[in-house]
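Morning, everyone. I have one structure to walk you through today. Please look at the screen.

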Amino acid sequence: MSFGGNDRSRGTIRLRTLRPPGVKTLKGMFDKRDLDDDHLAMTDEAGLDPLLNLLTHAHPTVLARTEACIMSLERWEEGEIVMGSKGYKELYQLMTYKDYACQKEAVWTVAILAGISENNHEGIIKDIGWLPLLHLARETKPKEEELQRGSVTAISNLCLNEECHEMIIKEGGLDLLKNLARTTTDLRLKRPIANAFANLATDEDSVEHVIADGGLELMISFAKESDEELVCGAIHTIANLADNEAMKPLIVEAGGLEVIVNLLKCKDALIVKGATNALANLATNEEYQVKLIDLGIAGPLCNLAKKTKTPEIQLRVVLAINNIVSNPDLREPMREAGVVRPLRSLARSRNHEIRREALDALSELGETVGRRRREKPKAGAVAVTPGRRHKKAAEDDDDDDDEEEERAPAAAITDAEREAMRLQAEKQAREQAEAERAALMAQAAAWKAEAERAAAERAAAEEAAKRAAEAQAAAERSRLAEMEAARMANERAAATEAAAQEGIARAEAQARLAAEQAAAEKQAAEARAAEAQRNADMERMRAETATQEKLQAEAAAAQAAAAASPVGAVHGDDDGEEDDTMTEEDKRVKSELALIMMELWEPKSDEAVEKCLVRLIQLADRVRNRKLIRIAGAIPILVGMLTAADPNLPLTKCQSLSLECIALLSKNVLNREDIRKNGGLSPLVSFVHKKEQKDQVEALKALKECGKSSKNKALLRKAGFIETLIPFTMADQPEEIQCLVLDVLTVLNFNDPQSQQAMRDAKGVPPLVNLVHSPKVEIQKRAVRTLGAVGGGNRKLQTLIRKTKVLPHIVKLLDHADAEVAKAAGGAVASLVDNDLHNQTLVLKAGGIKSLIAQLGSPNDSLVEQACAALRACVKNFKKAQNAVRTAGAVVSLVKLLSSSYESVIIHATGCLMEVARGNTKNQDAICYGGAVSLIVASLHTNSPVLQYHACGLLWAVAKGSKKRRQAFIKAKAVPPLKMLCNSPSEQVAKGAQWGLEVLGQK
């Protein structure tokens, strides 16, 4: 006998195995003539990264077959991406090459195609076949495990299609998967095997084959593993097997119930979904219900009913509960576990299936949607149920009030109770009908005779019952009328008394309100004032921090771009467009460019082209001419020459000159965009590997400038250019090449978290740390600068760099004899300690504060500027460092810098003093009474919005918290310029001025 019936089981679930997606290339990086944007977009959307990877293969045949595969992709009306027959044939050829990389990417392409759409399965089986996949899954060589993983994943995904199940079993695929599951320790093999078993178990014809030869025990053991993805596949296999009645005893004997109960406590939603599905399928049997209760299922099941918000899991949980409470012997354990309250909550679900099962379970327990048990009518009496109570009162009651409510007076039946009673009646009717049908099938002949004999008796009995019911109904109507009259009289009396009480209460409330109103208004005003002050302080700090970070980033970006010139560079840098005025010299250059372009468009000989390119290089050496060269249309021609270069041969003379010209033109902002749009990045990246050092140098120069464009930077990062450059930081390279590589890495990583993450993933930090110790000054300087760019604003990389123990060495470089090395070390310190207390403490202990203070007296203004920026980062929100600055006498030096003739020095000194003074009374006094007040007020009168904002911030930081300091600023006439700055066109300056007036009490 079973309680609940098989109609409450939840069927089977299919799983698919997909390789993690990711974009590694774009059309602009490879410039394949046979490819178009639509097919590349489809390749990217389908997650076919292995095909994109093959576009970088060195062999032309592989490239041609890969392009044919991509061009055979089609988008069906349903939006599915399917490969055409030609593509599968090309994939098969790629799988047969004796090239591990080619085979690996081809096999994974097949696996992904099988996973994204079942419409790909027919083509895979027809044009590729089972034998290659089974062969690769069965045999693998050392260090070629990806072939086996890809083929097993492909077989697993083909199991999604029930039409493939018979072939998989007959061809030996299932036996192969079982052998691999027993012998391998590779989780990346076990996971798709478990998913394949789950998919095969959805087919009743395949179930026997799945459990044969220890298949069920294998899945039970997988379900006990610690890897969540493996456990997910195993528990779904068990759940799908449990949908077959013949499999249920085998699952129970193999220990499946214990596994299911344990997995109900898992935090992974997919695992819980599989466990609840298996539970719902097994809980239809009375014997298994008792075992589940003995295993402690009640607690976890009730917890899931309370906490889960997933409708699928809710439905499976309430199905299992309903099946269990259908057994009268098991209702009390479930009630003691607290199942009633979550069932009442689920009974209000919007999902009609969940609501129906929850109401059935409550009915089995003798409960209603409310908080009371239903009372069964006594013989000879009319059944009544407790009436509706006020909603809030019902919510405030506990379950302990059930007995009192059973004794409450009778009233009208609630809608929810009426619905429950209707459902109970329907359920009883269904059960009675099933019993009658069973009796009819067992004793058909006897039933017919008995029915005919009873028909006459039933007619007479019905007539007598009808008369009795009419008499009883009349008596009942009379009694109800008397009760209604008494109720209405009681209600009128109660209403009269309530009105009197309400009048008294209203008078008392008005009196209290008059007495309390003044106090309440006063408290509200004080609270509003305090809240406004807190909000103003928080807004001020947020805006100040955002502005400071923006200004600091802009200054650091300009400094990084200016400092990143390679060894031996002879050309200047042009990060902006020239004006539109046309000089006589410009007209002459335009005329000459017209003649050069005519020769380049219709070349007569290589010698003539070389002469034109040499002259173009001479013109591009002048900043103003770079814009004119772009307007003349030279960039597409130059890029075309580079694209035509043979990757296996040295560059020709013309190609080498074109590369040199592109390197010069890339110093112009708009020229960088033109180079990218014309496909110039791809050849530049490939030239980095040239054996000719001159061509390498020019390619790196061009990439350094092109990398300053955010779009170019993203494109280079996605194409794996950072990973390409890292080996150059490890091998013994020429100094000029290594310096340029470090410059390019600095540009790509500066203020770009994604590039920083790529650097970390590629393990690029250790080589940089090694180069910091290089005996070559230029390499050491650039390595320190690059390390600062990689760790700037990235807490994970700041921690990683700290663990390499290179920070104390960088601090020592602050005292280096070469001012540029010391400046680079200061920039690295500023980046690595920013908002990192551990690094700030390490720099303080290593003597970094003293070294930076010593730099404040340098005659080199750029070194002083960098020292102020680094010192500001070191003391930010770090009181020990603030005190160290004061005790070392640096406040006087910083105040003196406020009168510097170099505006950038004044800006950074002002920002540094602001962080030194923030929240430190002694430092505030030292700055205020050290002669800074008049200099701060003077900065308010300047025309620089950046300096004005920093001056407002320093005034706020020094004046806050002291009446004497505020008076010092008022006497120095700080209020008039602050009021003027409130109308500044710069929003940040206006806010800073308002804060300054607030702290001086002048708003």
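Start with two helices. Helix 9 covers residues 145-158, and helix 12 covers residues 187-200. In this predicted model, their axes come within 8 Å and cross at roughly 15 degrees. How do we describe helix 9 relative to helix 12: parallel or antiparallel? Angles under 35 degrees count as roughly parallel. So helix 9 is roughly parallel to helix 12. As for the handedness, helix 9 passes helix 12 in a left-handed crossing.

Who makes the contact? From helix 9 we have Glu146, Gln148, Arg149, Val152, Thr153 and Ser156. From helix 12 we have Arg188, Leu189, Pro192, Ile193, Asn195, Ala196 and Asn199. Sort the residues of this contact between helix 9 and helix 12 by class, and you get five nonpolar, five polar and three charged.

Now zoom out. The protein chain has 1003 residues. It contains 56 helices and four strands. How much of the chain is buried? The figure is 49% of the residues. Next, take contacts between residues at least 6 apart in sequence. Of those, 72% join residues at least 24 apart.

On to the cores. The largest nonpolar core has 143 residues. Which residues have the most contacts inside it? They are Leu600, Ile810, Leu894 and Phe969. Helix 53, residues 945-959, gives the most to this core: nine residues.

Let's pick out Ile810. Leave aside residues up to four places away in sequence.

Last topic: backbone angles. Find Asp213, in the loop between helix 13 (207-211) and helix 14 (215-223). Its phi is near 55 degrees, a positive value in a residue other than glycine. Is Asp213 buried or exposed? Exposed means over 50% relative accessible area. Asp213 has 60% relative accessibility, so it counts as exposed.

Now jump to Lys973. This residue is in the loop between helix 54 (963-971) and helix 55 (975-981). Phi of Lys973 is near 60 degrees, again positive in a residue other than glycine. Lys973 has a relative accessible area of 60%, so it is exposed.

That's my tour. Over to you.

Notes
Residues numbered from 1 in each chain as written. Predicted model: local features only at pLDDT ≥ 70, side-chain atom pairs only at ≥ 80, totals over all residues. Heavy atoms only, no water. Core = buried A, V, L, I, M, F, W, Y, C linked by side-chain atoms within 4.5 Å. Buried < 20%, exposed > 50% of the residue type's maximum accessible area, 1.4 Å probe, protein only. Contact = heavy atoms within 4.5 Å. Axes fitted to C-alpha atoms, helices over the stretch in contact; angles between N-to-C directions. Parallel < 35°, antiparallel > 145°, perpendicular 65-115°, else oblique. Left-handed = near helix turned anticlockwise from the far one by under 90°. Nonpolar A, V, L, I, M, F, W, Y, C, P; charged D, E, K, R; others polar.
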